[in-house]
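Welcome! Open the viewer, get your selection tool ready, and let's take a short walk together.

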Amino acid sequence: MNRKTVIYVKESCPYCAKAKELLNRKGISYTVVDITNEPDLAAVVVKKSGGKKTVPQIFINDMCIGGFDDLKALSESGKLNDLLLLNDQ
């Protein structure tokens, strides 16, 4: 698969852990970027996500998926699989 999945996290974030668990269960490889002590990088993520300041922030092929609740909803609706298939073409 040719997709690029990136998850921006902070230490001790339970939703970050849940998002990684969901991605792992789905067999989706991803890159973790810890922004805990990186205020400049955190500011970049806020800008890339359209102003969202919470973590995790999940991106597939540079498209902001949102946080854990958004990822879970996409997964439960089957739209996550569709998104991943579209990005593989």
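Select helix H1, residues 14–25, where helices (H or I, at least four residues) and strands (E, at least two) are DSSP runs numbered from the N terminus. Its 12 residues should span 16 Å at 1.5 Å a residue, and the end C-alpha atoms are 17 Å apart, which agrees; the expected span is 1.5 Å times one less than the number of residues. This is a predicted model, in which local features need pLDDT of at least 70 and side-chain atom pairs pLDDT 80 or more, while totals for chains, interfaces and linings use all residues. Residues are numbered from 1 along each chain as its sequence is written, and side-chain values use heavy atoms, without hydrogens or water.

Next, pick Cys 16, Ala 19, Leu 22 and Leu 23, the buried residues of H1 (buried means under 20% relative accessible area, with a 1.4 Å probe and protein chains only). Look down the axis of H1: these residues fall within an arc of 125 degrees, so they line one face of the helix. The arc is taken from the directions from the helix axis to the C-beta atoms. After H1 comes Gly 27, with a positive phi near 75 degrees.

Now move to Thr 5 in strand E1. Is Thr 5 buried or exposed? Thr 5 counts as buried because its relative accessibility is 2%. Leaving out residues up to four places away in sequence, Thr 5 touches Ile 28, Ser 29, Tyr 30, Thr 31, Ile 58, Phe 59 and Ile 60 (contact means heavy atoms within 4.5 Å).

Finally, select Ile 35. Beyond its neighbours within four places in sequence, its contacts include Tyr 8, Leu 41 and Val 55.

Key:
Buried means under 20% relative accessible area, exposed over 50%, partly exposed in between (1.4 Å probe, protein chains only).
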